[in-house]
Amino acid sequence: MDLPKSWGDITVEQYYKLFTINNLFKNVVEKNIKILSLFTGQTEKEIEELSVTYLFEQMKVLSFLNELPSEKITPYFELKKKKYKACIIFSDMKAGQFIDFSYCGQGCTTDELPYHMHELLAAMCLTKIDGKYVYEGYDKTSEDFLEIPISIAYPFYLFFCNVLTNLQNPILDFSRKMAEKQMKEMKKILA
């Protein structure tokens with residue numbers, strides 16, 4: 001069987017399926033059958049025909065799945081013959097890009113957010129066109145990011161989650177202050 005040897009061999013799209021399998025199936029053998037089917041392209045029925053011993057031998061190849069991918073960020077990378085630069089400092093972002101980045105994942109539950117990893121990454125990245133890095137809009141590039149290896153995507157996703165967690169309280173404080181200011185102005189108008 002030709003199985004991935006590292007997180008660098010697994011795409012975001014495959015990760016979404018793997019994430020779902022891990023969340024839905026508790027029986028180890030059933031889960032392993034589905035995982036091997038995902039990565040080999042064989043049907044679950046074909047995998048079910050394997051001996052349990054062989055099944056577990058093949059799963060040893062995938063033992064790296066039990067460890068988290070590296071957190072090392074790769075700011076420049078190539079995907080589908082395009083060169084990208086990730087902006088992890090807000091001052092490097094274009095204004096429209098910052099707006100998209102701010103809205104990505106908004107309204108998602110903790111369980112839903114991982115399924116938006118490709119959109120989050122697309123909102124963080126500039127595309128090199130004619131020697132310049134430009135923001136094309138995550139809505140135009142996010143589908144391409146389904147094919148990016150998890151080894152590149154995961155560190156950015158982790159970064160986004162940390163930023164999101166750290167930004168929530170300041171955003172709430174700012175919103176509260178603005179609401180209080182507007183209430184004072186309304187009281188003046190009504191008085």
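Predicted model: local features only at pLDDT ≥ 70, side-chain atom pairs only at ≥ 80, totals over all residues.
Biologist: How many bridges join strand β1 to strand β2, and in which sense do the two run?

Modeller: Helices (H or I, at least four residues) and strands (E, at least two) are DSSP runs numbered from the N terminus, and two strands pair if DSSP finds at least two bridges between them. Here β1 (residues 76-79) and β2 (residues 82-86) run antiparallel and are joined by four bridges, with Tyr 76 having Lys 85 as its bridge partner in β2. The two strands form a hairpin with two residues between them, and in that turn Lys 80 has a positive phi of about 50°.

Biologist: Which strands carry the pairing on from β2, and where does β4 join?

Modeller: β2 also pairs with β3 (residues 125-129), over three bridges and in the antiparallel sense, and there Lys 85 stands opposite Leu 126. β3 is in turn joined to β4 by three bridges, again antiparallel, and Ile 129 has Lys 132 in β4 as its bridge partner. The hairpin of β3 and β4 has two residues between the strands, and Asp 130 takes a positive phi near 50° in it.

Biologist: Which residues touch the most other members of the largest nonpolar core?

Modeller: In soluble globular proteins, nonpolar side chains tend to be buried together. A nonpolar core is a set of buried Ala, Val, Leu, Ile, Met, Phe, Trp, Tyr and Cys residues joined through side-chain atoms within 4.5 Å. The largest one here has 47 residues, and Phe 39, Leu 62, Leu 65, Phe 145 and Ile 148 touch the most other members. Among the elements giving two or more residues to this core are α1 (12-24), α2 (28-40), β3 and α8 (150-190), with α8 supplying the largest share, seven residues. Taking contact to mean heavy atoms within 4.5 Å, Leu 65 touches Trp 7, Ile 10, Leu 18, Ile 35 and Phe 39, when residues up to four places away in sequence are not counted.

Biologist: Which residues of α1 are buried, and what should the 13 residues of that helix span?

Modeller: An α-helix has 3.6 residues a turn, so residues three or four places apart point the same way. In α1, the buried residues include Val 12, Tyr 15, Tyr 16, Leu 18 and Ile 21. The expected span of a helix is 1.5 Å times one less than its number of residues; for the 13 residues of α1 this should be 18 Å, which agrees with end C-alpha atoms that are 18 Å apart. Helix α6 (117-124) is mostly covered, as seven of its eight residues are buried, including Met 117, His 118 and Leu 120.

Biologist: How many salt bridges does a search of the whole structure find?

Modeller: Side chains of opposite charge can pair when their charged atoms come close. With a salt bridge defined as a side-chain nitrogen of Lys or Arg within 4 Å of a carboxyl oxygen of Asp or Glu, the search finds four. In one of them Lys 80 meets Asp 144, the closest N and O atoms being 3.4 Å apart, and this pair links the loop between β1 and β2 to the loop between α7 (138-141) and α8, 64 residues apart. Lys 80 is partly exposed at 45% relative accessible area, whereas Asp 144 counts as buried at 17%.

Biologist: Which parts does the pair of Lys 82 and Glu 136 tie together?

Modeller: The closest N and O atoms of Lys 82 and Glu 136 are 3.8 Å apart, in a salt bridge. Lys 82 lies in β2 and Glu 136 in the loop between β4 (132-134) and α7, so this pair ties together parts 54 residues apart in sequence. Lys 82 counts as partly exposed at 29% relative accessibility, and Glu 136 is partly exposed with a relative accessible area of 26%.

Notes. Residues numbered from 1 in each chain as written. Heavy atoms only, no water. Buried < 20%, exposed > 50% of the residue type's maximum accessible area, 1.4 Å probe, protein only.
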